[in-house]
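Open the model in your viewer and keep the selection tool at hand. The tour goes stop by stop.

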Amino acid sequence: MEQPIRPRRLRKTPVIRKMIRETRVSPSSLIYPLFVREGRNIIEDIPSLEGQKRYSPDTLPFALEEVCKAGVSSILLFGIPEQKDEMGSSAWEEQGVVQQALRIAKREFPNLYCITDVCLCEYTSHGHCGVLKNHCVDNDKTLPLLAKIALSHVMAGADMVAPSDMMDGRIRAIRQELDLHHFEEIPILSYAVKYASAFYGPFREAAGSAPSFGDRKGYQMDYHNRREGIKEAALDVQEGADILMVKPALSYLDVISEVSSSFSLPTAAYSVSGEYAMIKAASRQGLVQEAELVCETAVGIFRAGADMLITYYAKELANWMKEGRIG
């Protein structure tokens, strides 16, 4: 009797393993977040984010040189002003901290792709992401301010704007404002599915953006909800978003996957400060091998469907790609 043919497993030598990888990433898919604070001659450590620093606009080129040397071509700028008020008015000033940083970055590194965070939480005295009315954020009154911020960033040199506020209608407001001023080609990276997460703690210390009262659950998403996230993304698509982001990343791989498969737009994921801090802490205690764990989690995010990854490990990941640990 003829014996059935048994399927053979491919002998996976190191070369073959790389040849047949299903998920491939490159430095061009990485975005590095940077904190810029108002002032001069500032390069200071961020205690909550080991290895990360705050820069003043004049010292930012030192950081950008490292980014470019690593092979990372995109950054995401967060601003920390000296003065805050209830409206967050320093966010759209011509000489605001992000606007200063953009002019310097584009002058010194013209090929670097500069994305800016558009929100009010770092600039308001109360730390919320919009204008307040009786201790609640007034969604509609916040929209024109977000549009002003986005326009001011683009006029200073931003290549892309990324609204993170989670106000309803902000993509349309920003798109209309940019188009009105003939910036139709500037894309919008929407924080489309942003959950009210405990993973943001280290960032809020780094950016000085913790709310002075209450929380942000009224406008950020409930982490119990998946279908709501898809609805939020669909609304942003209708309003003119060019890229959809899911934030955080590791606890929301299912959402990344569904957003990626549901829409034709590129999907971004933000591996946030708490995820970074956990790996750093575990590595410091000798509980994990940092490089291996970072590579594994990054590939997991891309495997879920992300096309680009915002991560504080962008420089290290780019270097590990060169070494062949990930790619």
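How much space lies in the largest pocket? About 250 Å³. A pocket here is an open set of points on a 1 Å grid over the protein atoms alone, with protein on both sides within 12 Å along at least five of seven lines. Grid points are joined across faces, edges and corners, and a volume is the space filled by probe spheres set on the points.

Before moving on, note that this is a predicted model: local features need pLDDT of at least 70, side-chain atom pairs count only at pLDDT 80 or more, and totals for chains, interfaces and linings use all residues. Residues are numbered from 1 along each chain as its sequence is written, and side-chain values use heavy atoms, with hydrogens and water left out.

**The pocket.** Select Arg17, Arg21, Glu22, Thr23 and Val299. Of the eleven lining residues, these lie nearest the centre of the largest pocket; a lining residue has an atom within 4 Å of a point. The lining holds six charged, three nonpolar and two polar residues. Asp, Glu, Lys and Arg count as charged; Ala, Val, Leu, Ile, Met, Phe, Trp, Tyr, Cys and Pro as nonpolar; the others, Gly among them, as polar.

**The cavities.** Two cavities reach 30 Å³ or more. In a cavity, a 1.4 Å probe fits but cannot get out. Select Ser271, Val294, Thr297, Thr311 and Tyr313, which lie nearest its centre among 13 lining residues. Helix 10 gives the most to this lining, with four residues. Helix 9 (273–284) and strand 12 (308–311) each supply at least two. Helices (H or I, at least four residues) and strands (E, at least two) are DSSP runs, numbered from the N terminus. By class, the lining has nine nonpolar, three polar and one charged residues.

**Helix 8 against helix 10.** Show residues 253–262 and 290–304. The two helices pack at about 35°, axes 8 Å apart. Axes are lines fitted to C-alpha atoms over the stretch in contact, and angles run from 0 to 180 degrees between N-to-C directions. Leu253, Ile256 and Ser257 of helix 8 meet Gly300, Ile301 and Ala304 of helix 10, with contact meaning heavy atoms within 4.5 Å. That contact has four nonpolar, two polar and no charged residues.

**Tyr200.** Which charged ends sit over the Tyr200 ring? Lys247 does, 4.9 Å from the ring centre. Lys194 does too, at 5.9 Å. The rule: NZ of Lys or CZ of Arg within 6 Å of the ring centre and within 35 degrees of the ring normal.

**Two backbone stops.** Step from Lys247 to Pro248: the peptide bond is cis, omega about -5°. Pro248 is in the loop between strand 10 (243–247) and helix 8. Then find Met166, a residue other than glycine with a positive phi, near 70°. Met166 lies in the loop between strand 8 (160–163) and helix 5 (170–180).
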